[in-house]
Amino acid sequence: MTRSYCQFRSIVRLIITTSTLAALTGCNSVSPTVNSDSHSTVKSVTSTTSALPAIQSNILGDNVSADTVSADYASADYDKRAQGYDWVGVIVRVESDRQIDIKVRSRSDIKKPTCHFDGKATLMGQDTAHGTIFQAKVNDSTAFFQFKDDKLIIDSTDKYALNYFCSGGGSLAVEYKKLAEDLEI
């Protein structure tokens, strides 16, 4: 690959990352700077998310509603577990008005478990546009746990940080749906 193509890819990754962070935090502008021999300096990137309400407005209140987040969640293939499909489940329990306990487990009945994570996350904010978002430090990165419309989305500023907890190329960065019953591990 040519050097200019590598620089282009690096800049595109940087822009995508800053746009994602701006959307999650409700920022109107972000000013990242990258300094290295193989990257050019980016002075300012303006986000197009200014129409979104800021998550800091916290219009749903300062406390976490146990009804909103405390539940079991599973990846899409959970419904096909009887056919042998691999799946990942997340058990979320409220610990306090600003903190949750998270346990991620994968199928262990007929297969060797592929994902395992235990952690605590702190309330970042909540509003009607974004739902409720928690954050946690994970492998020198920040992981986000977004609860909205009976779904949990786990994401990170560094996608590879969430691969550490899964084998076989898996990642915790998936969308999970809220279950009506307890997770069958």
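Strands here are DSSP runs (E, at least two residues), numbered from the N terminus. Two strands pair if DSSP finds at least two bridges between them. This is a predicted model: local features need pLDDT of at least 70, side-chain atom pairs count only at pLDDT 80 or more, and totals for chains, interfaces and linings use all residues. Residues are numbered from 1 along each chain as its sequence is written, and side-chain values use heavy atoms, without hydrogens and water.

**The barrel**
- Eight strands form a closed barrel with antiparallel pairing, in the order β3-β4-β5-β6-β7-β8-β9-β10.
- On average, neighbouring strands of this sheet are turned by 30° against each other, direction ignored.

- β3 covers residues 71-74 and has both faces covered.
- Four bridges pair β3 with β4 (residues 88-96) in the antiparallel sense. Ala-74 stands opposite Gly-89 there.
- β3 also runs antiparallel to β10, joined by two bridges. Ala-74 has Lys-177 as its bridge partner in β10.

**Strands β9 and β10**
- β9 (residues 151-156) pairs with β10 (residues 175-178) over three antiparallel bridges.
- Leu-152 has Tyr-176 of β10 as its bridge partner.

**The disulfide**
- Cys-115 and Cys-166 form a disulfide (sulfur atoms within 2.5 Å), with their sulfur atoms 2.0 Å apart.
- This pair links distant parts of the chain, 51 residues apart. Cys-115 lies in the loop between β5 and β6, and Cys-166 in the loop between β9 and β10.
- The S-S torsion of Cys-115 and Cys-166 is about 115°, so the disulfide is right-handed.
- Both Cys-115 and Cys-166 are buried.

Definitions and conventions. Axes are lines fitted to C-alpha atoms, for helices over the stretch in contact, and angles run from 0 to 180 degrees between N-to-C directions. Buried means under 20% relative accessible area, exposed over 50%, partly exposed in between (1.4 Å probe, protein chains only).
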